[in-house]
Amino acid sequence: MDTKLDPSRDDLPLMANTSYMLVKHYILDLDVDFGSRVIEGTIVLFFGDGNRCKKQMNSIQETFQTESEETYTLKTAEPCGVSEMDASTFSPKMRYREFAVCGKDDQDAFDDSGIHDNQQQDSEISSSKYCCDTGNHGSKDFLLVLDCCDLSVLKVEEVDVAAVPGLERFTKASKLAATPEKLRREIVHDLVALPADDWREQLDCYTRCSRAPGCGELSFYTDNWSLQIRKMGVQTAADFPRAIRIRYKTKPEGQSVTWTSDQSGRPCVYTMGSPINNRALFPCQEPPVAMSTWQATVRAAASFVVLMSGENSAKPTPLEEECSCWYYYVTMPMPASTFTIAVGCWTEMKPKTVPSDDLVTERPMPIPPSAADLRFADACGHVEYPCRFQNASTAMQDSIPHRVFAPESLEGACQEALLPLICPCLSAAHTVLGTHPFSRLDILIVPASFPSLGMASPHIIFLSQSTLTGTRHLCGIRLCHEIAHAWFGLAIGARDWTEEWLSEGFATHLEDIFWAEAQQLSPHEALEHQELRACLHWRRLQDELQNSPEEMQVLRPNKEETGHVSASGASIVKHGLNPEKSFMQVHYLKGYFLLRFLARTLGEETYFKVLRKFVHLFHGQLILSQDFLQMLLESVPEDKRFGLSVENIVRDWLECSGIPKALQEEREAEDCAPSGLARQVGSEVAKWIRVNRRPRKRNRGKQEAAFEKLSPDQIVLLLDSLLEQKTLRPQTLQRLQQTYLLQEQDAEVRHRWCELVIKHKYTKAYEQIERFLQEDQAMGVYLYGELMVSEDARQQQLAHKCFQLVKGHMDRASAQVVTDMLF
């Protein structure tokens with residue numbers, strides 16, 4: 001375990017000392033100001049005992065400690081000054097300088113390496129003036145460390161929860177003859193421990209406690225990656241306040257928050273799964289082990305809609321001065337990184353037409369849960385919360401309530417492409433995996449600058465506008481992918497962020513299964529389509545592995561230290577800040593092929609039976625790769641495991657770069673006997689190669705080649721294959737475009753078409769490249785590189801022109817990558 005953080009490296013620090021105190025609940029009270037591009041307000045954190053004090057739930061989990069890590073220290077400046085202003089007198093409109101804050105100057109510096117810094121350029125996990133005590137017997141003040149970046153922290157104070165009347169019903173603390181400090185700690189201790197049945201009363205108590213007056217300001221300091229808080233004279237975590245309020249504001253350049261315009265030109269803001277997650281939105285504990293619930297009240301101008309990770313379908317409450325208030329809550333503990341918010345002038349899209357017959361929307365009644373499923377539901381291993389898996393009625397709910405939001409200008413596209421798909425895709429997911437982990441779903445079509453095709457968070461999915469073009473195929477596939485994340489990535493999370501394959505590999509594998517079920521394909525049709533998809537994934541994986549560093553190809557880069565943390569709970573995410581990582585799909589594709597290999601080797605029926613069992617046993621928990629692999633193999637008789645073991649799967653698939661031997665052998669066999677759909681594409685490729693040859697003599701009597709109708713995936717494979725041809729004549733490219741109406745196809749097809757246009761300098765289609773780079777920014781970054789490496793002046797001019805048109809609204813990370821390509 002590295003103990004020092006070097007800003008020049010690509011590793012992301014998780015600074016929070018979760019071993020001593022864990023946030024159990026957040027309450028956010030925020031104002032969104034589009035004029036200043038700032039979100040400001042307060043957050044109240046309620047703490048329980050740290051991870052060190054908790055009983056470990058996973059039998060595989062190990063504690064990684066060394067003698068040198070027994071004291072967790074940070075480089076700090078002198079403690080911040082504190083003011084005498086009471087919290088009750090604060091107004092969000094007050095100026096920052098009205099508060100006494102950190103010692104030097106609050107003006108942030110931004111260095112060439114992209115590191116935001118309040119006062120210093122170094123951030124270390126060791127060597128500090130103050131230390132975090134590890135055993136309730138330290139000689140210095142205990143230091144609470146939260147993950148924080150790009151925030152202006154204005155004030156930190158303890159909350160006087162003992163001043164809240166009426167808590168006696170739910171807590172035993174009021175009966176204790178204790179000091180005021182101990183009484184406050186005991187109240188929060190009892191509050192966070194209330195049983196799940198009392199969740200409504202618990203949320204009410206949290207709300208009332210969050211409004212209690214302050215009872216003393218706390219010293220604090222911010223550096224590159226953390227907010228460090230201490231209370232003078234408090235030497236142990238056991239004596240530290242259990243409820244603190246932080247007043248803060250975001251910064252316009254904050255890396256967790258994107259301020260932009262929607263497709264109608266109206267302002268909007270959203271958070272996304274950036275490498276630093278939510279630490280530039282609010283101070284928090286970012287390590288996955290810090291599972292918490294939250295409530296949030298957000299105020300914005302009345303013309304805006306606020307969407308958020310929340311179990312309730314919030315409606316606006318009108319306030320004075322043309323402002324509205326939105327309130328959301330979550331009762332299922334999840335990592336703070338999963339919290340998402342989006343504020344914009346969205347319009348709710350509701351079905352207006354009868355769905356067409358090309359997709360089955362009326363489905364049979366869901367099959368009642370089997371006795372085995374009900375047995376699994378009784379064995380929840382997570383902390384107590386109102387669990388849907390314990391409710392027989394939710395087990396029968398094949399779909400969940402859902403809403404769709406988008407700019408008004410995209411209403412027609414949503415009506416045509418997205419709305420008819422939601423119920424079939426949700427129902428298909430239920431058929432495959434069972435109980436939906438979340439009670440409802442919002443789907444938002446995000447601005448064109450969103451850097452991926454989709455993102456899933458609790459109760460909300462972001463979809464790119466690129467999924468709405470062409471046929472419904474791409475929209476359906478991507479929607480299924482994001483729905484799958486409800487189970488893998490959200491309800492079941494990775495205990496170590498470097499094991500992304502546990503989220504993305506499962507979602508990529510399940511997207512095809514869900515989509516086949518949603519379309520009600522026969523087993524033979526489903527198998528044909530899945531084989532075709534595997535062929536496409538194989539080509540992409542090969543290309544990615546040929547063009548990426550070996551160290552970035554490993555699914556488990558921490559190897560035997562995966563899941564290990566320092567004594568304090570701090571850790572480092574390997575390659576977490578590497579800009580290349582966000583554009584790589586190794587975790588998606590290698591993870592997909594591993595799961596496909598296991599399903600085919602052990603049998604599809606066995607595999608999916610175990611998968612359903614795994615979901616029932618591990619929902620609400622964090623896992624490592626071994627947890628899934630061990631359960632899968634233990635569910636199969638030894639004589640049917642074909643020599644597979646957890647050890648050799650980890651060694652051959654997760655901890656090595658390149659192509660696993662078993663996958664190479666499988667694909668060689670597939671190439672010798674391709675599936676029917678892939679074989680059909682092969683025949684069409686041969687026709688196009690013949691068409692492309694310049695005839696020596698005109699054969700007037702010879703009939704022109706007749707081309708078969710192809711699905712979008714088949715067209716992608718066709719164009720992929722034609723990209724391997726050294727030369728394609730302009731006449732061939734023109735006929736290709738006319739035959740398949742390529743400019744009207746989905747974004748996947750058009751992306752391949754743009755690659756062909758660039759490779760063969762087909763100038764007649766340059767307008768289509770320009771359109772793609774503006775409207776499909778989630779997929780266009782690679783094309784900038786292709787335009788530049790061609791060393792063609794006109795293509796390079798096209799790249800610069802397009803970048804100038806979109807860079808003002810482009811995703812920050814994508815813009816930096818394109819800048820590096822162009823200049």
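Predicted model: local features only at pLDDT ≥ 70, side-chain atom pairs only at ≥ 80, totals over all residues.
**Entry 1: helix α18**

I started with helix α18, residues 766-775, and looked up what it hides: its buried residues are Tyr 766, Gln 768, Ile 769, Glu 770, Phe 772 and Leu 773.

**Entry 2**

I moved on to an open sheet and traced its five strands, which run in the order β23-β24-β25-β27-β26 with mixed pairing. From one strand to the next, I noted an average twist of 25 degrees.

Strand β24 covers residues 402-406 and strand β25 covers residues 441-445, and the two pair in the parallel sense over four bridges. I checked Val 404 too, and opposite this residue, in β25, stands Ile 443.

What packs on the sheet? I found helix α5 (residues 411-433) there, touching β23, β24, β25 and β27 (460-463). The direction of α5 makes about 155 degrees with that of β24. Helix α6 (residues 473-484) packs on the sheet as well, and I see it touching β25, β26 and β27. For α6 I wrote down an angle of about 150 degrees, taken against the direction of β27.

**Entry 3: α7 and α10**

From α7, the contact uses Phe 506, His 509, Leu 510 and Ile 513; from α10, it uses Tyr 607, Phe 608 and Leu 611. Sorting this contact by class, I got six nonpolar residues, one polar and no charged ones.

**Entry 4: Pro 275**

Last, I looked up a loop residue, Pro 275, which lies between β17 (267-271) and β18 (291-301). Its relative accessibility is 45%, so I have Pro 275 down as partly exposed. Leaving aside neighbours within four places in sequence, which residues does Pro 275 contact? I listed Leu 12, Gly 576 and Leu 577. I also checked Pro 275 against Val 573: they sit 298 residues apart in sequence, with 9.6 Å between their C-alpha atoms.

Conventions: Residues numbered from 1 in each chain as written. Heavy atoms only, no water. Pairing = 2+ DSSP bridges. Axes fitted to C-alpha atoms, helices over the stretch in contact; angles between N-to-C directions. Contact = heavy atoms within 4.5 Å. Nonpolar A, V, L, I, M, F, W, Y, C, P; charged D, E, K, R; others polar. Buried < 20%, exposed > 50% of the residue type's maximum accessible area, 1.4 Å probe, protein only.
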